[in-house]
Amino acid sequence: MAAGARGAEPLPRLRRPLRRGAEPRDPPPPQPPFGAGGTAEESTAVEKKRKPLTRLNVHSAFWILASIAVTYYFDFFKTVKETIQADSWWFASGSCLFAACLSIAFYCILYLEWYCGIEDYDAQYPALIPVTTATFIAAAICFNIALWPVWSFMTPLLLFIQFMGVVMLVSLLG
């Protein structure tokens, strides 16, 4: 029993700061009442206090600005134009695979989700997401091979920065 009394001794010491009335540093945000005990005015007041998340944050701005810098300093569009004019088989293959990837994505978003109203299309059509992912990875490999003679080891980094910039730009739109 003596060991049990010693083991219980630290617990009251841990609770002493709470008993003295010490308040937490950040009080929790007010919660709407649980159940039917609150009024509609109380719940709308709590909802008004919540700030909506801004679409443009530091992370998004960084990737968009990095993409703009890559486009400007590495003459991205000029290089892509010259690669197309050189009849690059790898670039043509990457473009076709990327078009297929976008077609599947638009099919999922526009047709299945918006037109048919199927929100959980990956449960009904489980092959769509893996096929889209594999198609995108194959397109990225083809683009890397096509542009490797121009930028060498920098090619994967530059294409990744461009990809992230486009993704963040699209996320601002919707």
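S93 has a relative accessible area of 18%, so it counts as buried (buried means under 20% relative accessible area, exposed over 50%, and partly exposed in between, using a 1.4 Å probe and protein chains only). You'll find S93 in helix α6. Its side chain reaches the backbone oxygen of W89 at 3.0 Å.

Before going on, keep in mind that this is a predicted model, where local features need pLDDT of at least 70, side-chain atom pairs count only at pLDDT 80 or more, and totals for chains, interfaces and linings use all residues. Residues are numbered from 1 along each chain as its sequence is written, and side-chain values use heavy atoms, with hydrogens and water left out.

## The whole chain

So what is the chain built from? It has nine helices and zero strands (these are DSSP runs, H or I of at least four residues for helices and E of at least two for strands, numbered from the N terminus). Reading along the sequence gives you α-α-α-α-α-α-α-α-α.

Of the 174 residues in the chain, 22% are buried. The accessible surface comes to about 13600 Å², and 67% of that belongs to carbon and sulfur atoms (areas come from the Shrake-Rupley method with a 1.4 Å probe; for residues, only the protein chains shown count as cover). Take the contacts between residues at least 6 apart in sequence: 65% of them join residues at least 24 apart (contact means heavy atoms within 4.5 Å).

## A nonpolar patch

Back to helix α6, which covers residues 89-115 and is also the place of F106. F106 counts as partly exposed because its relative accessibility is 48%.

F106 also belongs to a nonpolar surface patch with F98, L102, I109, L110 and W114, and together they have about 590 Å² of accessible area.

T135 sits in helix α8 and counts as buried because its relative accessibility is 12%. Leaving aside neighbours within four places in sequence, T135 is in contact with L97, A100 and C101.

Helix α9 (residues 155-173) has 19 residues and reaches 27 Å from its first C-alpha to its last, close to the 27 Å expected at 1.5 Å a residue (the expected span is 1.5 Å times one less than the number of residues). Its buried residues include T155, L158 and M168. The buried residues of α9 pack against α4 (58-73), α5 (76-85) and α8 (128-151).

Technical notes:
Patches are made of residues with over 30% relative accessible area and no salt bridge: like charges are joined within 9 Å, nonpolar side chains (Val, Leu, Ile, Met, Phe, Trp, Tyr) within 5 Å. A salt bridge is a side-chain nitrogen of Lys or Arg within 4 Å of a carboxyl oxygen of Asp or Glu. A polar contact is a pair of N or O atoms within 3.5 Å; within protein, one must be able to donate a hydrogen and the other to accept it, and residues adjacent in sequence count only if both atoms are side-chain atoms.
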